[in-house]
Amino acid sequence: MPDGERPVRGRLDQPRVPGRFRLPRWDADTFGRFAEAAARFMGTAQFIVVMTVVVILWVSFNLIGLAGMRWDPYPFILLNLFFSTQASYAAPLILLAQNRQDDRDRIQADADRRRAAAQKADTDYLAREIAALRIALSEVATRDFVRSELSRLIEEIDRRDPPNPVPAATPEQ
């Protein structure tokens, strides 16, 4: 570009000229935490009590006019405007908090699903191992089986060959 020329806006072969007006950048996570805190507070009895006290004071000051304070006469249009503004901000904040909770729940459900699948695979493996051990042990002689066989053999030997009495020792020996 020759000296003194400004880049032409709207041409694709030229770099874009940055504008002077820039929107502020918001950290989505910080704003999300703020939305969750606001939604959490709006769902408490404390919030309802505070709002009730504010409305009672507002209506009292504007009806009675203590110390000449009557800034919002009877139809209370300014109070209605404040409630509308509060509601117009509260609804998106609550929705944002719910969306963040849904995202956390979805991630938790995926982790639970993976964990359950791994536990099922481990359980299936252990069940197969136990079955293999049972099959292998069915061919191994148990203690009761060996005892019964030995008892049977002793009885068989006793039937064939009755025990000989041992002669008594003579005094000469």
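Glu 149 has a relative accessibility of 27%, so it counts as partly exposed. The scale behind that label: buried means under 20% relative accessible area, exposed means over 50%, and partly exposed lies in between (1.4 Å probe, protein chains only). The model is predicted, so local features need pLDDT of at least 70 and side-chain atom pairs pLDDT 80 or more, while totals for chains, interfaces and linings use all residues. Residues are numbered from 1 along each chain as its sequence is written, and side-chain values use heavy atoms, without hydrogens and water.

**Exercise A: the chain as a whole**

Task: Which pattern does the protein chain follow along its sequence?

Solution: Start with the elements. The protein chain has 4 helices and 0 strands. Helices (H or I, at least four residues) and strands (E, at least two) are DSSP runs, numbered from the N terminus. The pattern along the sequence is α-α-α-α. Next, take burial. Of 173 residues, 10% count as buried. Then take contacts, meaning heavy atoms within 4.5 Å. Among contacts between residues at least 6 apart in sequence, 48% join residues at least 24 apart. Finish with the surface. The chain exposes about 15500 Å², and carbon and sulfur atoms supply 62% of this area. Areas come from the Shrake-Rupley method with a 1.4 Å probe; for residues, only the protein chains shown count as cover.

**Exercise B: helix H1**

Task: Which residues of H1 are buried, and what covers them?

Solution: Check the length of the helix. H1 covers residues 28–42, 15 residues in total. At 1.5 Å a residue it should span 21 Å, and its end C-alpha atoms are 21 Å apart, which agrees. The expected span is 1.5 Å times one less than the number of residues. Now list the buried positions: Gly 32, Ala 35, Glu 36, Ala 38 and Ala 39. Down the axis of H1, they fall within an arc of 165 degrees, so they line one face of the helix. That arc is taken from the directions from the helix axis to the C-beta atoms. Their cover includes helix H3 (77–138).

**Exercise C: helix H3**

Task: What do the buried residues of H3 pack against?

Solution: Length comes before packing. The 62 residues of H3 should span 92 Å at 1.5 Å a residue; the end C-alpha atoms are 88 Å apart, which agrees. Leu 79, Ala 90, Leu 93, Ala 97 and Arg 100 are its buried residues. They pack against H1 and H2.

**Exercise D: Arg 100**

Task: With which residue does Arg 100 meet in a salt bridge at 3.3 Å, N to O?

Solution: Arg 100 sits in helix H3. At 17% relative accessibility, it counts as buried. Leave out residues up to four places away in sequence, and Arg 100 touches Ala 28, Asp 29, Gly 32, Arg 33 and Glu 36. Apply the salt-bridge test: a side-chain nitrogen of Lys or Arg within 4 Å of a carboxyl oxygen of Asp or Glu. The partner is Asp 29, at 3.3 Å. Asp 29 lies in helix H1 and Arg 100 in helix H3, so the pair ties together parts that are 71 residues apart in sequence. Asp 29 is partly exposed, with a relative accessible area of 37%.

**Exercise E: salt bridges in H4**

Task: How many salt bridges does a search of the whole structure find, and what separates Glu 149 from Arg 152 in helix H4?

Solution: The search finds 11 salt bridges. The side chains of Glu 149 and Arg 152 form one at 2.8 Å, N to O. These residues are 3 apart in helix H4 (residues 143–160), which means about one helical turn separates them. Arg 152 is partly exposed at 40% relative accessibility. Go on to Glu 156, which bridges to Arg 160 with the closest N and O atoms 2.7 Å apart. This pair is 4 residues apart in H4, again about one helical turn. Glu 156 is partly exposed at 25%, whereas Arg 160 is exposed at 65%. Elsewhere, salt bridges that share partners join Asp 29, Arg 33, Glu 36, Arg 100 and Arg 104 into one network.

**Exercise F: Phe 76 and Phe 82**

Task: Is Phe 76 buried or exposed, and which residues make the nonpolar surface patch of about 460 Å²?

Solution: Phe 76 lies in the loop between helix H2 (45–64) and H3. At 13% relative accessibility, Phe 76 counts as buried. Its phi is near 50 degrees, a positive value in a residue other than glycine. Turn to the patch. Met 69, Trp 71, Leu 78, Leu 81 and Phe 82 make it. Patch residues have over 30% relative accessible area and no salt bridge; like charges are joined within 9 Å, and nonpolar side chains (Val, Leu, Ile, Met, Phe, Trp, Tyr) within 5 Å. Phe 82 lies in helix H3, and at 44% relative accessibility Phe 82 counts as partly exposed.
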